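Colleague: Hi, could you walk me through this model? I have the sequence and the structure open.

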Amino acid sequence: MAKQPTLDDDTEIPLLRVDQDKINEFARLNNQRTRLQEEYQKLKVEMEGMQDAENELMLQDDEEATRIRIGECFFAMTSDDAQESLEKMQVEKRKEQENKASSIEAIDKRMKELKVQLYAKFGNTINLEAD
């Protein structure tokens, strides 16, 4: 019976097509995770800005007209309408944030599975940690 190469030997572990596919999948998931984290952070900053705007609206007199920016345009509206519009935007952004977080969680789960499989075969000869 032939001896299988171990991680302690100086022998090279053969890289099969299935192993390369797993490594490629891990790399794609890692890139996707990074992109989603950046988008999540942008949403977080937007949500903080909306919270600040909501606080400013509370301090404003109800009779004053409020200018609210949507995209690149400003619209004049009452404080109540502005508050309502802001709440709708916050709900949308919160949903977006939750979707990004659940996607990141699913990616993390799959990456963990791939790490276990690849480290089991290649040991310390492969680096799957983010730099």
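Modeller: Happy to! Strand 1 (residues 66-70) and strand 2 (residues 73-77) run antiparallel, joined by five bridges. Strands here are DSSP runs (E, at least two residues), helices too (H or I, at least four), numbered from the N terminus; strands pair if DSSP finds at least two bridges between them. This is a predicted model, where local features need pLDDT of at least 70, side-chain atom pairs count only at pLDDT 80 or more, and totals for chains, interfaces and linings use all residues. Residues are numbered from 1 along each chain as its sequence is written, and side-chain values use heavy atoms, leaving out hydrogens and water.

Colleague: Which residue is the bridge partner of Arg69 in strand 2?

Modeller: That's Phe74.

Colleague: And how many residues lie between the strands of the hairpin?

Modeller: Two, and Gly71 in that turn has a positive phi of about 70°.

Colleague: Switching topic: is Ser85 buried or exposed?

Modeller: Ser85 has 17% relative accessibility, so it counts as buried (under 20% relative accessible area; exposed is over 50%, partly exposed in between, with a 1.4 Å probe and protein chains only). Ser85 sits in helix 2 (residues 79-122).

Colleague: What is Ser85 in contact with, leaving aside neighbours within four places in sequence?

Modeller: Ile68, Ile70 and Met77, where contact means heavy atoms within 4.5 Å.

Colleague: Nice. At what angle do helix 1 and helix 2 pack?

Modeller: Helix 1 (residues 17-59) packs against helix 2 at about 155°, with the axes 8 Å apart. The two helices are therefore roughly antiparallel (over 145 degrees; under 35 is roughly parallel, 65 to 115 roughly perpendicular, the rest oblique). Axes are lines fitted to C-alpha atoms over the stretch in contact, with angles from 0 to 180 degrees between N-to-C directions.
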